[in-house]
Number of protein chains: 6
Amino acid sequence: MKPLTLATQAANSTDAVDPVWARICEQTRAQAEEEPILASFLHATILNHDTFEAALSFHLANKLDSPMAPAMMVREVITEAMADDPAIAEAARADLFAIDTRDSACCSLAAPFLYFKGFHALQSYRIAHWLWQNERRSLALFLQNRISQVFAVDIHPAAQIGMGIMLDHATGIVIGETAVVENNVSIMQSVTLGGTGKESGDRHPKVRQGVLISAGATVLGNIEIGEGAKVGAGSVVLKSVAPHTTVAGVPAVLVGRCLSESPALDMNHELACQGDCPESS
Amino acid sequence: MKPLTLATQAANSTDAVDPVWARICEQTRAQAEEEPILASFLHATILNHDTFEAALSFHLANKLDSPMAPAMMVREVITEAMADDPAIAEAARADLFAIDTRDSACCSLAAPFLYFKGFHALQSYRIAHWLWQNERRSLALFLQNRISQVFAVDIHPAAQIGMGIMLDHATGIVIGETAVVENNVSIMQSVTLGGTGKESGDRHPKVRQGVLISAGATVLGNIEIGEGAKVGAGSVVLKSVAPHTTVAGVPAVLVGRCLSESPALDMNHELACQGDCPESS
Amino acid sequence: MKPLTLATQAANSTDAVDPVWARICEQTRAQAEEEPILASFLHATILNHDTFEAALSFHLANKLDSPMAPAMMVREVITEAMADDPAIAEAARADLFAIDTRDSACCSLAAPFLYFKGFHALQSYRIAHWLWQNERRSLALFLQNRISQVFAVDIHPAAQIGMGIMLDHATGIVIGETAVVENNVSIMQSVTLGGTGKESGDRHPKVRQGVLISAGATVLGNIEIGEGAKVGAGSVVLKSVAPHTTVAGVPAVLVGRCLSESPALDMNHELACQGDCPESS
Amino acid sequence: MKPLTLATQAANSTDAVDPVWARICEQTRAQAEEEPILASFLHATILNHDTFEAALSFHLANKLDSPMAPAMMVREVITEAMADDPAIAEAARADLFAIDTRDSACCSLAAPFLYFKGFHALQSYRIAHWLWQNERRSLALFLQNRISQVFAVDIHPAAQIGMGIMLDHATGIVIGETAVVENNVSIMQSVTLGGTGKESGDRHPKVRQGVLISAGATVLGNIEIGEGAKVGAGSVVLKSVAPHTTVAGVPAVLVGRCLSESPALDMNHELACQGDCPESS
Amino acid sequence: MKPLTLATQAANSTDAVDPVWARICEQTRAQAEEEPILASFLHATILNHDTFEAALSFHLANKLDSPMAPAMMVREVITEAMADDPAIAEAARADLFAIDTRDSACCSLAAPFLYFKGFHALQSYRIAHWLWQNERRSLALFLQNRISQVFAVDIHPAAQIGMGIMLDHATGIVIGETAVVENNVSIMQSVTLGGTGKESGDRHPKVRQGVLISAGATVLGNIEIGEGAKVGAGSVVLKSVAPHTTVAGVPAVLVGRCLSESPALDMNHELACQGDCPESS
Amino acid sequence: MKPLTLATQAANSTDAVDPVWARICEQTRAQAEEEPILASFLHATILNHDTFEAALSFHLANKLDSPMAPAMMVREVITEAMADDPAIAEAARADLFAIDTRDSACCSLAAPFLYFKGFHALQSYRIAHWLWQNERRSLALFLQNRISQVFAVDIHPAAQIGMGIMLDHATGIVIGETAVVENNVSIMQSVTLGGTGKESGDRHPKVRQGVLISAGATVLGNIEIGEGAKVGAGSVVLKSVAPHTTVAGVPAVLVGRCLSESPALDMNHELACQGDCPESS
């Protein structure tokens with residue numbers, strides 16, 4: 001998957017000075033000054049650290065901490081993964097930009113870094129995915145379980161997920177083993193990208209660039225959700241969806257074309273319809 | 001929003017003797033005697049305290065506890081909020097009454113106080129809301145994140161929620177920034193009151209008094225769910241709903257009038273329909 | 001409810017040598033050797049123990065641990081329950097077999113034992129159910145709350161659930177007080193088996209053997225989901241479903257007969273339809 | 001070592017009704033009623049349990065708890081030891097009687113059980129000693145380290161210690177590998193029973209029945225402190241001490257005979273001297 | 001006991017602006033800026049709070065925290081005690097001045113407040129003493145045990161201790177039930193103020209103003225250590241000591257007069273001797 | 001200070017293969033196999049790690065862990081110190097050899113690494129000392145406080161301590177700001193190397209190579225304990241001690257010459273005397 005312009009720009013930010021990290025620190029410093037009760041948490045999580053990577057590994061490790069795999073041990077794994085594959089932190093930066101751009105209740109990079117459960121779940125998955133690719137499958141499963149228990153988000157470590165992704169609110173999201181999610185996709189709470197049948201093999205959805213999947217939608221089987229498509233809230237999608245179209249309903253049917261190139265970026269959940277579609281009839 | 005009679009009655013109970021607190025203590029004492037394993041928890045959480053407020057702040061702080069913001073620190077904030085705005089604990093009392101009255105599996109005030117995740121999430125939101133109103137937005141976001149992680153309930157601290165509210169089972173509930181929920185509303189698990197589009201501004205549902213929103217319903221946009229209306233389970237509501245009507249389906253359509261004045265109080269999730277409605281046709 | 005053959009076979013395994021436990025230990029030993037970071041957790045949870053029961057009580061107690069009811073105290077209750085009613089651990093063994101057989105992303109008994117949230121939630125419910133039957137209702141409610149908070153699964157302790165059950169992904173599952181779930185049923189994430197109305201009494205679904213309920217389905221009221229039936233994803237079921245049929249939609253309607261005897265075992269979520277059904281028309 | 005009358009009487013108390021346990025429960029119940037803040041702790045530690053052994057294992061495991069060997073795991077070992085060797089709990093009962101009788105600031109069995117660090121350290125040592133005798137030496141050393149860190153008392157697990165022992169205040173007590181402490185001995189804070197030289201073999205003191213060793217005394221080498229002897233505070237004892245005599249000083253010299261048969265029981269730390277002794281000259 | 005000038009001056013500082021608190025905050029702010037790793041701790045412990053009392057109760061509660069009596073519960077007791085008896089925090093301020101003045105390795109008020117175990121143990125004792133005086137003896141004993149376990153300092157809650165006290169290094173200090181320690185006393189590590197005999201009643205030392213007791217000294221029985229006296233390191237004191245004299249040895253004998261009015265303030269541990277004394281002979 | 005041969009040999013062991021680390025791992029593997037209850041701890045602490053340094057930083061961080069400075073944060077500091085100054089881990093290796101050679105109750109390198117409080121306190125001091133030298137004094141004081149609270153050992157971070165040091169049993173050891181302890185010294189429990197007077201400046205003992213200071217000895221002031229000297233248990237030393245002599249008593253006087261070149265290595269605490277000395281007269 002090639003990164004989109006937005007993501008690339010973020011990725012390049014690791015040279016010399018890291019502008020993402022600089023912005024996060026600046027926004028955090030302001031918070032720490034105006035809210036002394038948070039100063040403690042903000043110093044430990046952000047201001048103590050020199051790099052985006054160090055802060056992210058610290059924050060995720062704290063979230064995933066458990067008596068059976070304490071934060072200190074989890075962090076070693078995260079650090080190892082990020083050092084081995086710089087694309088992990090690059091993707092995390094692109095995800096922050098995605099949230100900053102698309103979420104109307106959000107207005108900074110620091111806020112999603114610190115407080116968005118979907119962001120935390122997604123970055124934790126990226127570590128589990130790295131473990132899976134490196135044949136450390138039992139540790140990947142361990143991590144998947146922790147992510148599911150802590151964030152209520154269940155992403156199989158073998159799933160392939162791009163960058164510039166927003167998992168909004170995130171509770172109840174399920175993404176299966178052979179699912180593919182390309183860059184710049186937005187997925188709302190309670191969305192399932194599930195398989196069907198008990199055979200192994202390629203059996204989960206392929207979600208192309210720019211797709212928006214609204215709250216509670218269930219997408220099942222090895223089908224394709226075409227580039228720039230929109231899946232309406234509460235829909236059950238059992239067949240492939242053409243690029244730049246909107247589907248909705250149980251089961252989902254075509255309700256129109258998408259005006260927007262990338263509905264994921266607009267976050268317009270309306271089923272606005274142009275041309276010939278069932279609802280308009 | 002003016003409190004309904006039920007809520008007011010609870011609210012007045014803080015004078016002299018607090019009957020809500022007295023009932024909770026009495027019911028707890030009975031439990032502590034018959035179940036020694038719980039005695040420890042029940043003493044610490046209820047019987048040790050002199051007031052409803054002290055017990056509630058203790059219990060919520062324990063639930064929200066994390067290494068980065070330990071219970072002791074969280075409790076200071078809760079105590080400060082409750083002292084500054086007595087309506088917070090007043091609303092909590094009304095919420096307990098709401099659950100006691102509406103939940104057929106519940107038969108006390110102590111049980112929801114101690115064990116209902118939806119009650120805990122809602123009262124924690126009330127603290128985050130107070131912080132938001134007092135311009136302490138970063139701490140409000142911190143708390144929102146904790147609530148989402150601990151209870152799997154994601155309520156934006158700016159949302160406006162009345163009293164006498166039941167969030168039943170609660171997992172997966174999402175309530176957006178400009179949503180309004182009036183008094184005596186019942187909301188089931190996996191319900192979304194979401195926005196649409198990425199513009200900021202008033203973009204979430206307004207839910208009027210007495211409404212019942214059944215499990216898994218998604219209500220999107222700045223629309224109105226009229227007083228005493230009922231939204232069927234799994235519905236996707238994209239248009240305003242007239243008072244005292246029932247809507248259902250994806251997308252939701254009118255299926256009848258509500259016989260009950262306040263479906264929230266009856267908790268009847270059937271789509272029983274009177275008069276002219278699609279399903280009956 | 002009489003156990004199916006599969007379950008019985010597992011149940012008998014406690015004599016002399018316990019083949020389930022032997023397999024779990026063997027699979028765990030391999031993991032511990034190839035992933036030193038997990039060795040610590042795997043020894044403490046599995047390899048340290050002599051029996052399936054000892055390991056399960058240790059693992060669940062650790063998951064349910066909280067300052068107000070520490071693991072050590074919770075484990076005493078679990079141990080007491082398992083000693084009093086051997087059917088609890090028997091059912092747990094059958095549940096492991098169910099997951100091993102039906103989940104295409106799973107290939108061992110150790111993996112679900114260690115890492116599947118739905119398995120942990122279900123076994124914890126079995127303890128709460130035992131407490132409820134033994135009139136220790138407040139402790140049962142305490143446990144229900146912990147299960148809901150930790151696993152985001154809310155099962156009323158009075159519900160009756162058979163063996164050979166798979167709760168897949170599990171986030172958001174709600175099962176009400178008078179619900180019955182027979183043997184060899186599969187239930188996906190965000191499924192509700194709910195009541196309707198605020199009267200107490202028998203008001204929740206009865207789910208017969210071999211049923212598959214797909215993701216996000218809401219089944220409401222004292223209705224029957226007949227043996228071997230399938231409920232499509234995102235459906236809202238308000239009426240009884242005949243054996244070996246498939247229903248789907250909001251509200252759910254008949255979409256065909258099930259080819260499979262036990263859709264729960266096939267995990268085929270497609271709404272494939274044979275004969276006369278709405279969608280095919 | 002044969003138990004003294006006092007100890008035997010305590011030991012027999014396990015038949016039918018256990019009077020030691022009954023007294024502890026009664027005294028604890030009174031405390032729990034008058035001090036609600038402690039009710040929680042007292043229920044968990046004492047009132048929840050049916051036997052002295054269950055309560056003691058719970059309390060010690062809680063004290064010795066660490067992330068690397070959590071309470072639940074430690075308790076398994078304690079329970080195993082107490083079940084295998086009933087003399088452990090028997091000795092613990094005798095130790096409680098000893099403190100109740102000798103400590104003028106103490107007036108119950110519950111108080112030392114709950115609050116005396118020396119009692120906790122000594123009972124924890126008894127478990128480590130059992131492990132050592134059963135050739136589980138690394139776990140014994142692990143426990144010795146925990147005891148030293150938690151209670152600041154360092155007793156080698158191979159040391160042999162009788163019953164009816166009071167370790168008063170206890171901070172800084174060190175007892176070496178080949179030391180022997182017979183029944184009904186009292187040892188004050190900062191006392192060392194140490195070895196000398198780096199050869200292994202029998203190189204630590206043998207302390208006979210009824211001996212009192214006052215605060216800060218250092219007793220070094222394979223010497224004998226005879227029955228009923230008294231060692232003055234701050235003394236350094238490098239030679240054997242005759243029965244029923246008092247020694248004091250650096251190095252310790254004879255300062256008189258002991259009037260008392262068992263100075264350990266009188267806890268008189270004065271160097272009162274009868275007859276021919278250096279100080280009186 | 002009437003407070004000395006130094007203590008009084010500190011005590012008056014609570015009006016309007018509290019200069020002690022102001023200095024602590026200023027010194028802490030400097031630390032937090034130069035050492036980001038501590039910023040977190042320093043904000044939570046000092047900078048978050050408005051008053052000396054709030055910070056002290058927070059810090060002590062954190063130190064005394066245990067699963068059986070969590071910080072949040074302990075803090076309630078500390079807050080209650082400090083509100084009821086303002087002399088507690090007044091004495092704490094005087095103790096800080098004492099350390100600042102006497103300890104050559106210390107150069108601030110913030111350092112002992114934050115880091116001196118003897119200060120923490122002493123202030124915790126002050127709470128236990130308040131409980132004892134208010135007839136809450138079991139909670140006082142609970143606290144004594146926590147202090148002994150956490151700080152390795154064992155002070156009976158009934159002991160009477162003045163203000164302007166320095167417990168230096170503090171490990172192993174034991175102070176008995178009927179001991180009295182007047183204002184402006186310095187006590188080094190491993191010092192015992194013990195009783196003798198097993199009778200209850202007044203049986204511990206009375207230590208007058210300005211006394212210095214050096215490391216490892218053992219003072220036993222109802223004897224008086226006169227104003228301005230000095231007890232040499234490692235001494236065993238069994239007889240009263242005249243004001244402004246120095247004693248040393250095992251047993252302790254007069255070694256000279258003290259040149260200093262208040263040896264506690266000079267912290268000169270030498271046995272410098274003027275006039276007629278054993279060592280000089 | 002130049003390292004002795006023994007220490008140098010250990011220090012060189014970091015090239016290519018580290019024999020110290022290899023031995024520790026081998027001894028630990030044996031333990032983990034024979035004691036499953038410890039396997040968990042041993043894997044996490046030793047077997048998971050590739051280097052001596054990684055394991056030591058993990059183990060110390062776990063010991064020093066507190067809510068206010070969690071293990072993960074502490075470990076960062078330890079890792080930084082060890083990377084900056086390789087002499088820290090070199091000294092730790094030499095200390096292990098020292099214990100292995102001198103302690104007759106010890107027979108491995110793994111045992112002191114894992115279980116000896118004095119070793120843990122000393123290595124933690126080495127980190128605090130590095131901080132002090134790097135002008136990070138407040139963090140050094142923070143660490144000193146943690147060491148004092150956790151291990152009951154109080155070493156000022158400015159003190160200078162060589163390698164090949166054994167702090168045996170360790171409870172109550174106090175070492176002051178300007179103290180110097182050269183290589184291959186043994187210090188027993190409750191020993192004080194203290195200052196005298198409240199002037200700052202050089203005011204603590206200088207302890208030369210090979211010295212043995214027995215239990216409870218108090219050494220005060222800027223005096224020298226000459227190479228190969230021995231200080232008897234319970235002694236109070238106020239004057240310099242000539243090389244290769246033994247002193248004892250309160251105050252300490254010469255009792256003879258030391259036969260051994262390095263009494264620290266022999267650990268013979270007897271006051272055996274050759275030639276002209278008080279006791280022999």
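Predicted model: local features only at pLDDT ≥ 70, side-chain atom pairs only at ≥ 80, totals over all residues.
**Symmetry and chain contacts**

Start with chains A and B. Chain A superposes on chain B through a rotation of 120°, with 0.0 Å of shift along the axis.

The contact between them draws 37 residues from chain A and 39 residues from chain B. On the side of chain A that touches chain B, α3 (36-47), α7 (110-115) and α9 (137-151) of chain A each give at least two residues. The top contributor there is α3(A), with five residues. By class, this side of chain A holds 16 nonpolar, 16 polar and five charged residues.

Which share of the interface residues of chain A are also interface residues in chain B? Only 19% are, so the copies meet through different surfaces.

Now the contact of chains D and E. Chain D puts in 37 residues and chain E puts in 39 residues. On the side of chain D that touches chain E, at least two residues come from each of α3 (36-47), α7 (110-115) and α9 (137-151) of chain D. The largest share, five residues, belongs to α3(D). This side of chain D splits into 16 nonpolar, 16 polar and five charged residues.

| Helix pair | Axis approach | Crossing angle | Handedness |
|---|---|---|---|
| α4(E) and α5(E) | within 8 Å | roughly 140° | right-handed |
| α3(C) and α3(F) | within 8 Å | roughly 170° | left-handed |

Take the pair inside chain E. From α4(E), the contact uses E53(E), S57(E), F58(E), L60(E), A61(E), N62(E) and L64(E). Facing them in α5(E) are A71(E), V74(E), R75(E), I78(E), T79(E) and M82(E). By class, the contact has eight nonpolar, three polar and two charged residues.

The other pair joins chains C and F. Both helices cover residues 36-47. On the chain C side, P36(C), A39(C), S40(C), H43(C), A44(C) and L47(C) take part. They meet P36(F), A39(F), S40(F), H43(F), A44(F) and L47(F). The contact of α3(C) with α3(F) has eight nonpolar and four polar residues, and no charged ones.

**A sheet in chain C**

Chain C holds an open sheet of four strands. The strand order is β2-β5-β8-β11, and the pairing is parallel. Strands of a sheet pair through backbone hydrogen bonds, either parallel or antiparallel.

Which strands of chain C lie at the edges? They are β2 (160-161) and β11 (224-225), each pairing on one side only. Strand β8 (residues 206-207) of chain C pairs with β11(C) in the parallel sense, over two bridges. At the residue level, K206(C) has E224(C) in β11(C) as its bridge partner.

Terms used
Residues numbered from 1 in each chain as written. Chains lettered and ligands numbered in written order. Axes fitted to C-alpha atoms, helices over the stretch in contact; angles between N-to-C directions. Left-handed = near helix turned anticlockwise from the far one by under 90°. Contact = placed C-beta atoms within 7 Å. Nonpolar A, V, L, I, M, F, W, Y, C, P; charged D, E, K, R; others polar. Least-squares fit on C-alpha atoms with pLDDT ≥ 70 in both. Pairing = 2+ DSSP bridges.
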